[in-house]
Structures are given as C-alpha cells and as structure tokens.
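Subject: Structure for your files

Hello,

Here is the structure we spoke about. Please look it over before reading my notes below.

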Amino acid sequence: MEKGEDTVNRIVIGIGGQGSFIVNNILRMLKSKTGKVPKNEEFLIIDTDQASASACTEVEERKKIILNRPDTILMKNANRWLPDPYLSAAGAGCGQHRIYGRAMYNVHRERIFGAIGSAASELRNRTGGRDFFIVMVCAFGGGTGSSMLLDVAIDIRDWISKQFGSQPLIFGIGILPSSKESVLPTANGLGALKELHFLMSHTGDIIIDDKNYSNPFKLFFLLGRDLQGQNRDEELERAIPRFLLDLGFLPGGTVEAKGKWLDLNDLQNRARGYENRFDSLGYYECVFPTDELFLYYDIEDEMPGVRQRLVEIEARISSIKGKIDSQRGELERFEGRIRDAQREIDTYEATTGMFYHANVAATADAKTKLDRARKKLASLKEEVFNLEIRANDAEEEKRLTERNLERLEALKNKLLRDITMPSNTRSYHQIELSEEEIRSLKKMREDLKTLSFFEVMKKLGREEEFFRWTHSPINEGDVIFNPMVNYRHSIESTMASQYIDILHDYGFISLDAQGNVVNEEEKFGHFIAVLSTRADNFDDARLGGGAFKSMVSERFAKDADVLKLDTPARSHSFAIYTLMIGLQPWAPGPGLPPRLRELEWLERAYNESDFVRLQRHHSLFYGTPKPFSVITGIPYAPGVEEKNRDIVTTYWKSYEIIEKGVIWSNVPIVLAQCIKKFDDVLTGLDLAEDIKNVQIPDPASYSIANLTMLVHGLENAGKSMENVKRWTKEGERGFVVLKKELDELLAKLKGIDAGAPAAENAEKMLRMIDDASRNMEILIDRIEDLSNRFSDDIKVVIEKSMVFLGKIPSEETTSGVIRQLTKAESEISKLREDSMKVAKGIKELGGPLALMLSSLKALKKITESGELEAEAKGADERKGKMKSIELPDLSVGLRRDEE
Amino acid sequence: MDIEPLSIGILIVALVLILEIVVMLVKFKVDKMLLLLPVIGLIFVVISLVLNVYREAVRASVAGAAAPYIVYLILAAGVILGFVCFLVWFKGEKEARKLASTVKSIDSAVTGIESDLRGSRMELEHFEEEMSAIKTKIQDYETKEKGV
C-alpha cells in the first residue's frame, strides 16, 4: 500500500444484532490501535433491538439507528401487503421474521436514510473527497440485517451517486447460519441468499420508480458460522475486523506496510467480471506467543513481591488492631479521669467562705481544656470505632487481594498451559513451547523483542517447524482449503469416480500430472493470498509462491496471486489472508451436493416451511410488485396486495441460486449419470442372465457330491435372484430419479435464457447423447428379450433339477440325502416364485428407459439448436474478424501472426 | 515628734497588710470573703498602733504591766489574720494548679491517642491504596491476558 493522503470516505454499517456486534468489534480494534477513529471513517449500526444496540458501547449513541416497533395500525397503514400474523413480532427486534423486517424498513426508511445521508455528508465536509467506500455487515439468519441489507445498499448507492456524482464502492459481508441453528434462521439464510443472488445477477441499471434495482455490491463475501461442524463465531469475530484493518481497507493510518500491494483499486480490478458471483475470505495465522510469554514473565516476577508485601500488610493490620484495642481501653480510662477531674473542679469551685480560695481563671481554663478533651475523646471513640471497621475492611481487602493473587496464580498457570499446550485450530496455530524453553527464553527476554519470528525459532533450533507452519500452507497449497465457508473446490470427492472417468473420456475434464481432476467449468474466479509478516520472516525459496500460483490456477481458480505484505508490527506472527472471488455455490450437477455446503442445510430448513410460512423468510419485492414485475416479466395485479405478495413468494420459492449459463455444464454430468446407469443396468442384466447357468449334474450319474453341488447351485441362484430382484427395484427408482433430473434440466434449458453452450462442448454433448441413446436402445432390446425369456430359462433350470432329483435311487435316501432334497425343493419353489417377479421387474425397467429416450432426443434437439446458435455466433465473430482483416493496419499484424 | 520604733514596726506591718489586700484584690482577684481576713488583720494592726500611741491613756485604764501585751496581742492577731489569708490563698492556688495539671495531662494524653489513631488511619489508607493498586495490576494482567 502506498502511503499518502487518503480522501476516500469510508462508512461501515452493521445491520442487525450480529452485524452491529462486528462493527463494534472493528471499532474497538481500531481504537485500541490508534486511540481514535480516523476522520474519513464513520461507523453506523442499524438495529431493531434496543438491548443489542446498547451493548455496542464503542459506537457513538448518535450513530446508532435504533428502530422501534410501530403500533399495528401504523404498521398496517404503511404495509398494506403485510399479513395480519406478521403485524407484530414475538421476541426482540424483528423476531427473526424477514417479512417483518421489510415492513419495519418501510416505516423507518426516511430515518435510516437521513442518518446514513447525514453521516455521508459529514464525511464529505470533513475530507472533501467525493469517493465512498462502504462496508455492510449482517447475518443472514436474523430478521433485521438480512431483510434490510439489500434495500439499504440500493438506497444508499443511489443517494450517494445523486448527491456526490460518484458511485460508491460497496462491499458486503454476510454471515450464513450454522447447521445447528433452528429452522427459522436457517431458512431465512436461504431466503436472503436467493434475493441477494437475484439482485447480483442484474448487473446493468434497472431504474424503476427512481430506484435502481441493479447489483449494488462490488464484492459480497459469504462467511459461515461453522466449519466442518465446529462453531467458528469467535474466529469470525476476530477475522472480519482483522481482514478490514490489517489489509488496510479501513486503514486509519494504522497499517505500516511497505511496497505496493492489494488496495481498493486492485481489488476492484480483480473482482471485475465476477460481480454477479459470491466471494469468501480465508484466514490463517501462525504466531509465536511473545505477548503471552512477556505477560507470564511479568506475573512470575511480580508475584513473590506481592505475596511478601501482603504478609507484611497482614502483620501491620494485626498490630494496628491490637493498638486500637488498647487505645479503646485508654480512652475509657481517660473518660473516667475526665469525670474525676470534672468532679474535683466542681468541688473546688463549689466550696466558698472566708477560709477558702478558688482560682477562677485557672479553673475556667482547666474546664475549657477538660471540655475540649471530652469532645476530643468523644470524637476519638467514634474514630476508634471507624478505624476498627476500617481495619476489618483492610483485613477483608487483604483477603480479597489474596484471592486475587490466587487468581493471578491461576492466570499464570493458564498462561503456562496456553504457551505449552495451545489450543490450535485450522485457522490459528500458536507455536508450543516447553517449560525449559520458556525458562531459557527468559534469559534473552530483551532480545526477544527485536528478534524476528524466524530468528527466535532458529535460536530454539526449530526453524524447520517455522517453515512447516508458515511457508508450507502456501508451498503445499493447504491454504486454498481454508475459506471461512464450507466450500468444495472440486466435484472430485463428491462425485462417483465413474462419472469422472466418463467425463474424462468425453473430454469434459482433464487430469493433471498427479492425477487430479482439472475442470475449467468449476474453477472460481480469482484467488488472492496475502501474507502479512515482518519482511525477515519470509524465505522466498521456501515459499514456492510461483508453484502455488500455477497449482491454484491449474486446478481451482482462473487466476491466482500471492502477495507479500511487509508488516513491521508483525514480527512474531505470520498471517495469511485469502480472498476467493467469484465462487460458484450451486451444485455442479443434478443429484450432486452443492459446492457451498451451507446450501444443504439452508435448503433443508427452507423446504420445511409451507407456502404460508415461507413468507416470513422473504423480504425483497414485498409491497413493490411493479419493479418485481418489470424485472421478472411476471404480471401483477395493481392494488391487489395479497395476490401480488403471493406471486412474489411463489417466485422466490422456485428461484434457484444458479447462473443461467452454468446450466449447460449440468448436461454432461446428467449424461454421465445416464451412461453410468446404463452400465450398471447392463451389469445387472448379466447377473440375471447368469442365473440360468446353474450346473445341473447328469441324472444318470447320481452321487451325494452331485446332489450337494446341485443344492449349492440352486442356493446361489436363489441368492442371485434376490439380488436381481432388489437391483430391478433400485434400478427402476434410479431411472425415475434420472428421468426427473433430465426433465428438470430440459425445463431449465427451455424455460430460461441459458444461451448457447460453447461450440466444442456442444459437440461433445451431442456425442454423449448419441452414445447414451444408442446404449439405451440396446438396453431396451436386451430388457425386452431377457424379460420375455427369463421365466422360461428358469423353468428349464427347474425342470432339469426336478429330473435329477426324481432319479435319486430309493436305496440312497438316507437322512442326509433327505435333508439335501428338502433344501433343493425349497430353493426350487423359491426360484419359481421369484422368477415371475424378477421377469416383471426387468420388464418394468423398460418403461422409464423408453421415456428417458424421448427426453434424450429432446435434449439433443435443444443442444443442436444451441450449437447452431453458437456456430452462428462463431460465424459472426469470424465475419467480424474477416472484416477486421480488411482494415489495413490490423492486416499487417495478422499476416505476421500467420507467418 | 519622735516616733517610737514599735509604732514604726506596726506601721510597716499595716503597710504590708495593705499591700497584701491590694495585691490580692487587684492581682490575684481573690474572693471578697477571703479579703475580710487581712482587712480585719489591718484593723487589728491599726488598733494596736492606736493603743501603742496612746499607751499612757491605756495604762491608766488597765493594769500597768498588761498594756504592752495588749498591743502586742492585737498586733499578733492582725498579723496572723494576714498570714492566714495568705495561707488560704496559697492552698487554693495549689489545688488549682493541681487540677490544671491533671487536666493538662488528660488533654495531652488524648492528643497523643489522637495522633496515634491518625497514624494508624493513614497507615490503613496506605495499605488500602497499595492493595487496590495490586488489584488493579492483577486486573490489568487479566485484561492483557484476554488481549493476547
């Protein structure tokens, strides 16, 4: 990052409980680093829950936009479309109902707008800059953030564009619900994701009623709350602020980095072309526990002194208490003496007569003094009482301090445990130290501050370990698998290996030198790894950045980059931030799990809601049917609010998070599944065919061995029959599913504007369709043939077996033979019974197969028309090129190329 | 006229008594009842002076040898009364001094206790501050631990 005056105005907006909490965290980290908020930054939170907003103590009160629930009448007046059950919400805030959040936004829109607008204007006045960078953070499971995010983003983008004449750069950060959350937030997650994807898919301006419904986000980062079944809330809370602060997106002049690297412009350029896709972040850090060590040493040094002092204090307090006791006695004694003195003075004064003399002045003085002493004594008695309480308090305080000291001891032990046995995760690794190492490092405590991470590890003789935890994640490519969502980079593990073989045979995928699947279609856009540490912790030879880049760009991403960020402050830590731009969350093909695993549980929860309850999971376009209708082309009925609401709900229900063009890449996978299925059916048919080949001995040559062989043969045939019976059932079910997938695919290809497949892919697909159709025809014939003769074949086997059994001489019928005979007869009767069923089952396989054949023909037609379209497009391009050849200046270059 | 030495002595005694009265009245501000003693004593001295001056006349009325004794007796009574007055004053003053010293000792002892208590209080305050500092330090360590 280059240093200089940064006039880009930055606004960070947290919407809803979790969004606000994260903004609060960012602010806390920023303040702890710099002690103040930079003048070009504003932090706002929008929440409907007063308690949750109040907990954000770092955010200025005037920057908290707390939306109170209006009464039901106002709610209904502002939202005629809102169903009565949702006029109020249970629990806090929006009660996790997105539909209610939408209604709340409509009621408070002007206020939200006013607050954000005034923050933007303040920034503009402060910095003079007219460029805005906005980060919006929210969770997708709640009611407030997920329902208001899109409207706020659109409104603020439009407002800033109109006011200041430049479009703001908006980044979104959305936190997906975990698999352990209840149905309501989990289904909300999918509702929000569908709406966000819809909006992101519209990159061009769509201005309806003065509102632009195009994608407001340049990048939208999806983050998951659990990874591989483990809760990662803590990591999220740490990673998001660190990502924004450490990488300098919210600089505040805090990042002391050298050299040019990833700044907002770079990032925008890298995101170009992937604005309609989601993005994610990854975070990994390896640290040497310097801070823990220093703290441990400080506590270790401090404790004996404190303990000694407490012993001294205890002795002193006890002596003071003794003194107070004796002084109390003294005071009582003096009280008696004062009384006596008073009496004496009184007697002295009272005696009168010729032979008596009293010194009035002296007695007056004595009386004054006595009075003073009496008063003093009274106050001292009070003082003694107070002092006794105070001494007791001090004693109690000492006991508390002792307990605190015990806490400190526990803290010391905890630190020791943390240093010697750190709890490391996938994204955080702390070097563990032995107690001996801790002792030895204490001697070079001062040097430790200046030495680099690598040098410290070298001093400990553990440099190999340093490279293993810092350089190897890049060198060995592990860091690619460390995003903060559950994302599958490759279909390899989720797909049956046979699919891969088939796809490979047809040239849809290739294999690299190590046998890894290389599939251009499923690569995401851009992978950036930013390594942040002090320069002397890098070893370029060990890093292998170039090899990593080529590995990532060959297998996972269309483009990859490894950026080294020299951060002097990070002398003892090595952080790797990863940005994954242009993710494809959808399933690589029908019947396969989605790449973004979160979609699995989001969809499961979403599908649990019936139509009426589905409304609570949606927000966008409720109450605004006109833009919905203009964008989707679905007609609406002006004024009929409920009907329009249901139209919107129906649309969202069937909306799929997938790119239209990507549907073509599903075709080879479905076809591969078909071909695989045909192979499976053929194997099954062979197994069925094999049943008739039971070895039946010659009836003339009876022996016990032959009888036993026949019984074994019949038993095996029975088992095979069972398997074939089960297989026919499964086969039929499989074909029905496959037929459904094929039909759905056809419907998608017909129903939406999926464009044309790439010409070379269309050719391969047609080849696959032809092969599949041919296989199918063969299969149908074989099924027809086998189903017709299967029963007869089995009948022949049964008859031959019966003949053999009938020829057993009567003198041979020992008890053993009778047992074998009974077994054989039971197997024969089972075979007779099952053969009918199996034949029927085989015949029934033909039904869906015939239907699939017609679907394949339809697919072929669509693919051919797509190919023609692609060819026409190609011809146009060629024509364009030909035209360009006519241009004199370019023709030279082309000729050179030809040469 | 020649003044007899005895008369001069009596006059001196009278003057002493007058001085005593004046001093006691003005300086010591004694009770008026007590002044009755030197006043009566002075009257006796004056009577003895008069009797001494007019001893011839007195001799005529009393037995010749008793007359000087009468003078001496009256003079002695005057002197005794003056002396008694002094003794009474002295005794009263002594008692007053005793009382004052008792009160003073009480006062200073109480003051001593007060300063002792102040010392203890300050010491306790210091301990409290010290322990509070320890507590803060421990809290700091805990905060730091959370931060690392």
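Predicted model: local features only at pLDDT ≥ 70, side-chain atom pairs only at ≥ 80, totals over all residues.

Domains. Chain A is assigned four stretches: domain 1 (9-277), domain 2 (291-420), domain 3 (437-583) and domain 4 (660-870). Between domain 3 of chain A and domain 4 of chain A, the centres over C-alpha atoms are 48 Å apart. Their contact involves nine residues of domain 3 and ten residues of domain 4. On the domain 3 side, six of these residues are nonpolar, two are polar and one is charged.

Helix pair. In chain A, helix α4 (residues 98-127) packs against helix α5 (residues 144-164) at an angle of about 35 degrees, and the axes lie 9 Å apart. The crossing of α4(A) and α5(A) is right-handed. Residues that α4(A) brings to this contact include A:Tyr105, A:Ile112, A:Phe113 and A:Ile116, while those from α5(A) include A:Val152, A:Ile156, A:Trp159 and A:Phe164. By class, the contact of α4(A) with α5(A) has eleven nonpolar, five polar and five charged residues.

Single residue. A:Ala391 sits in helix α10 (residues 360-420) of chain A. Is A:Ala391 buried or exposed? A:Ala391 counts as buried because 23 other C-beta atoms lie within 10 Å, where the cut-off is 20 or more. Beyond its neighbours within four places in sequence, A:Ala391 contacts A:Ile317, A:Ile320, A:Lys321, A:Ile324 and, from chain B, B:Leu124. A:Ile317 is 74 residues away from A:Ala391 along the chain, yet their C-alpha atoms are separated by 6.5 Å.

Regards

Methods: Residues numbered from 1 in each chain as written. Chains lettered and ligands numbered in written order. Domains from an automatic or database assignment. Contact = placed C-beta atoms within 7 Å. Nonpolar A, V, L, I, M, F, W, Y, C, P; charged D, E, K, R; others polar. Axes fitted to C-alpha atoms, helices over the stretch in contact; angles between N-to-C directions. Helix = DSSP H or I, 4+ residues; strand = E, 2+ residues; numbered from the N terminus. Left-handed = near helix turned anticlockwise from the far one by under 90°. Buried ≥ 20, exposed ≤ 12 C-beta atoms within 10 Å, placed from the backbone.
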